[in-house]
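Please walk through the packing in this model, taking charges over rings, an aromatic pair, the nonpolar core and a helix crossing in turn.

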Amino acid sequence: MQISQILMYLMAFGALLGGIDRILGNRLGYGECFEEAFLLLGSIGLSMAGIICLAPVLSSLLGHVVVPLFAALGLDPGMAGSILAIDMGGYQLAMELSADPEIGKFSGILVSAIFGCTVVFTIPVGLSIMEEADRPYFTKGILLGLTSMPGAIFIGGLIFGLPLGKILRNSLPVLLVSLLLFIGIARKPKAVTRGFQYFARIIQAIATLGLTLGAVQYMTGLVILPGLAPLAEAMEVACSISIVMLGSMPFAELVKRLLKVPFAWIGTRTGLNSASTTGILIGMVSVVPALAMVPQMDKRGKVVNGAFVVCGASTFAAHLAFTVSTQPELVPALLAAKLLGGLLGAVIAFAATRNLQ
């Protein structure tokens with residue numbers, strides 16, 4: 001039995017656990033996770049359905065610039081899709097642009113789940129909801145987490161089965177942008193923050209436009225934008241992710257509870273407070289609650305959590321669910337890349353903050 005099949009059975013167990021607990025009145029708290037997973041269908045669809053509808057159009061528009069440029073550099077144009085998060089259209093755009101389907105999967109699943117998620121979601125959302133006093137520690141964590149990103153991407157690509165040379169060559173644009181981000185955040189954090197927020201708004205506007213045009217086309221049959229993918233197909237992708245999350249979120253809650261004691265032990269050995277260690281556990285499931293906990297963390301924990309979420313954010317919920325629904329053979333590579341990358345980032349941050357109390 002393949003790892004993806006084992007994980008699907010575990011997700012099914014999580015769905016049973018959550019569904020039964022909800023029927024019994026949410027006595028154990030798993031029913032609440034089950035319900036929350038289903039309610040996330042709205043936000044999942046809102047963030048990604050419009051981009052999926054527009055993916056063929058964006059691919060055609062970008063193809064005139066990206067394809068010749070990347071071809072001249074000896075790179076697969078599918079890597080351009082990794083600028084978006086895995087669950088915000090990155091996968092669809094990568095597959096549309098790629099000349100090599102294997103690179104399309106590598107870019108749209110592995111790189112988008114790490115690099116795209118960091119650029120489009122973690123940095124702009126984290127810095128926008130965070131108090132001014134916490135931002136220096138969080139941004140330092142992001143900087144240290146970026147140093148673990150290349151290793152995470154290489155590990156994921158190797159486990160996927162890509163040759164090292166192909167991984168190195170096609171990852172060059174991502175590594176270059178990561179280096180520029182590192183320099184920008186280190187020297188001009190406020191300017192980079194504003195830039196990310198503007199970029200996130202542009203992506204949101206594009207997603208809303210695609211959703212609007214798809215809805216009009218679905219209801220009237222009127223084709224306003226030729227090449228637009230049907231909204232029903234885009235929502236089918238969103239629904240498949242939500243179905244897997246019915247199991248992944250209760251199961252992730254179970255794992256979080258099972259790991260609470262060892263993580264508490266780690267906290268006592270490292271000196272991190274409970275909010276800092278709990279934030280890492282929660283961040284593996286959903287990055288937003290982890291970011292909301294930053295004010296409760298000690299200074300060192302804020303840096304460590306910032307470094308961890310660069311690679312490790314939302315591993316066991318949205319990103320795992322998306323991968324299981326679209327490319328289940330990439331599940332082992334995704335889990336290894338995100339967890340090992342997140343752990344490496346946290347270790348680097350911990351080592352770099354020895355004098356931070």
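The charged end of Arg257 sits over the ring of Tyr30, 4.3 Å from the ring centre. Arg300 places its charged end over the ring of Phe350, at 3.6 Å from the centre. A charge sits over a ring here if NZ of Lys or CZ of Arg is within 6 Å of the ring centre and within 35 degrees of the ring normal. The model is predicted, so local features need pLDDT of at least 70 and side-chain atom pairs count only at pLDDT 80 or more, while totals for chains, interfaces and linings use all residues. Residues are numbered from 1 along each chain as its sequence is written, and side-chain values use heavy atoms, with hydrogens and water left out.

Rings of Phe, Tyr and Trp (its six-membered ring) pair if their centres lie within 6.5 Å; planes under 30 degrees apart count as stacked, over 60 as edge-to-face and the rest as tilted. By this rule there is one aromatic pair. The ring centres of Tyr91 and Phe322 are 5.6 Å apart and the planes stand at 75°, so the pair is edge-to-face. Tyr91 belongs to helix α3 (residues 86-97) and Phe322 to helix α13 (residues 315-326), 231 residues apart, so the pair links distant parts of the chain. Helices (H or I, at least four residues) and strands (E, at least two) are DSSP runs, numbered from the N terminus. Buried means under 20% relative accessible area, exposed over 50%, and partly exposed in between (1.4 Å probe, protein chains only). Tyr91 is buried at 12% relative accessibility, and Phe322 is buried at 0%.

Next comes the core. A nonpolar core is a set of buried Ala, Val, Leu, Ile, Met, Phe, Trp, Tyr and Cys residues joined through side-chain atoms within 4.5 Å. The largest one has 105 residues, of which Phe106, Ile109, Leu110 and Met245 touch the most other members. Helix α2 (residues 30-72) gives the most to this core, with 14 residues. Leaving aside residues up to four places away in sequence, Met245 touches Ala37, Leu40, Ile44, Pro250, Ala317, Ala318 and Ala321; contact means heavy atoms within 4.5 Å.

The axes of helix α5 (residues 135-160) and helix α12 (residues 299-312) come within 7 Å and cross at roughly 35°. Axes are lines fitted to C-alpha atoms, for helices over the stretch in contact, and angles run from 0 to 180 degrees between N-to-C directions. Residues of α5 including Gly141, Gly145 and Ser148 meet residues of α12 including Gly306, Ala307 and Val310.
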